[in-house]
Amino acid sequence: MSKALRLSEKWFRRGLWLVALVFASFLIGLGGTIVGDLPKVEAPLQLDDFLDRNAAQALRAQVKEARQAEQEAQTALEQARLQHAKARSETQAERETFSNWLAARRATQRAEHDPEVIARTQALDALKAQERRAQQAVQAQDQALLDARQAAQAAQQRLGRLEQGGYEKMAAERRKVELRVFLYRLALTLPLLVAAGWLFAKKRKSTWWPFVWGFIFFAVFAFFVELVPYLPSYGGYVRYVVGIVVTALVGRYAILALNRYLERQKQAEALPEQERRKELGYDVALARLAKGVCPGCERLVDLKDGVTDYCPHCGIGLFDRCGACGTRKSAFARFCHACGAGAAPSGTASPGVAPAGAVPSGMPPAGVAPTGTPPQGAMPGAAGNR
Ligand SMILES: [Zn+2]
Ligand SMILES: [Zn+2]
């Protein structure tokens with residue numbers, strides 16, 4: 001992608017990468033929407049679906065009733081306590097005044113007061129009886145409260161046991177649903193990933209490469225990012241195993257590609273220079289020269305010392321002399337930079353030709369390279385397609 005040298009072409013390529021990214025982002029958005037809507041395929045689970053519905057309802061009603069009764073008993077108990085406290089304080093007060101009065105009477109020893117003693121004693125007894133009744137009422141309410149509370153607890157426990165079973169069943173069912181949903185998603189994303197792998201292997205350099213790359217980005221994102229929130233507990237295994245397989249495939253592909261490249265390069269370096277020049281695209285050659293490497297073998301060469309005319313590694317001619325004015329110029333240039341004369345293909349003398357087999361020792365010494373007749377093939381029609 002970096003082989004484009006023309007400025008506009010560079011920008012076009014950047015724009016096309018942008019197209020790839022935008023295409024990928026829209027695909028990701030669409031895929032995310034579809035994947036997000038998938039759980040609706042499954043109805044949401046509810047606890048009551050896993051319970052004896054009637055029994056549960058009866059128990060819930062019981063609990064509610066008992067709670068209600070408990071509340072009422074609590075209110076009544078507070079009232080009864082208040083009444084009891086009131087009665088007790090009344091008795092207390094009466095007892096105090098009575099004992100004072102008795103003390104006074106003992107001092108005076110007046111017999112005519114005896115009926116009053118009896119009357120007051122009776123009144124005190126009556127108060128005492130009232131207090132006892134209030135206390136009984138308190139005790140009764142205490143009992144009612146306790147009964148209601150225990151009934152509520154018992155019902156709650158029964159309900160809890162019932163629901164426990166329901167929860168267990170629901171959890172099992174939920175795991176099944178999770179698995180199903182995950183499999184739907186896997187069934188959706190895995191083929192995408194496979195298709196992306198195929199596109200990468202076969203179509204990534206086609207004319208429509210921005211769309212191909214957009215799709216590849218999308219598929220990789222969908223599989224490794226969008227699937228994550230929906231992974232069941234063992235889903236990590238699936239993802240990592242697929243990741244390992246994909247990495248292994250990509251790595252194998254890269255290693256084979258490297259070997260193929262080296263093999264190709266070796267073969268190319270064994271060809272006569274004319275043919276090698278023909279195979280080299282003009283833009284490819286210029287791009288490599290701009291990076292300071294030999295266009296033929298891609299090894300580092302000092303291009304600026306003014307004397308190196310041939311690659312010391314592969315023997316390809318790097319500089320020659322203009323046929324018209326004799327100026328030293330790049331052997332890959334189409335025109336002489338000094339006089340503008342076309343680097344006419346001669347094909348006959350080809351001065352820069354290193355011997356076939358690219359043995360540098362067989363090269364003519366630098367600077368002796370005859371002028372004129374630069375090697376042909378410097379202007380291949382085949383654009384950079386390496
Ligand atoms: Zn070289
Ligand atoms: Zn010239």
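Visitor: Where does UniProt place the "coiled-coil region"?
Guide: The unreviewed UniProt entry gives that annotation to residues 56-90 and 124-165; UniProt positions follow the numbering used here, feature names are shortened, and annotations may be inferred rather than shown by experiment. This is a predicted model, in which local features need pLDDT of at least 70 and side-chain atom pairs count only at pLDDT 80 or more, while totals for chains, interfaces and linings use all residues. Residues are numbered from 1 along each chain as its sequence is written, and chains are lettered from A and ligands numbered from 1 in the order in which they are written.

Visitor: How far apart are the end C-alpha atoms of residues 56-90?
Guide: They lie 51 Å apart, and the span is 100% helix and 0% strand (helices, H or I of at least four residues, and strands, E of at least two, are DSSP runs numbered from the N terminus).

Visitor: Which residues are annotated "transmembrane region"?
Guide: The unreviewed UniProt entry lists residues 182-201, 208-231 and 237-258.

Visitor: What are residues 182-201 and 237-258 like in the model?
Guide: Residues 182-201 are 100% helix, with end C-alpha atoms 28 Å apart. Residues 237-258 are also 100% helix, and their end C-alpha atoms lie 31 Å apart.

Visitor: On to helix packing: which way does H1 cross H4, left-handed or right-handed?
Guide: The crossing is right-handed, meaning that the near helix is turned clockwise from the far one by less than a right angle.

Visitor: Which residues make that contact?
Guide: Among them are Trp17 and Phe23 of H1 and Trp213 and Phe218 of H4; residues are in contact if their C-beta atoms, placed from the backbone, lie within 7 Å.

Key: Two residues are in contact if their C-beta atoms, placed from the backbone, lie within 7 Å.
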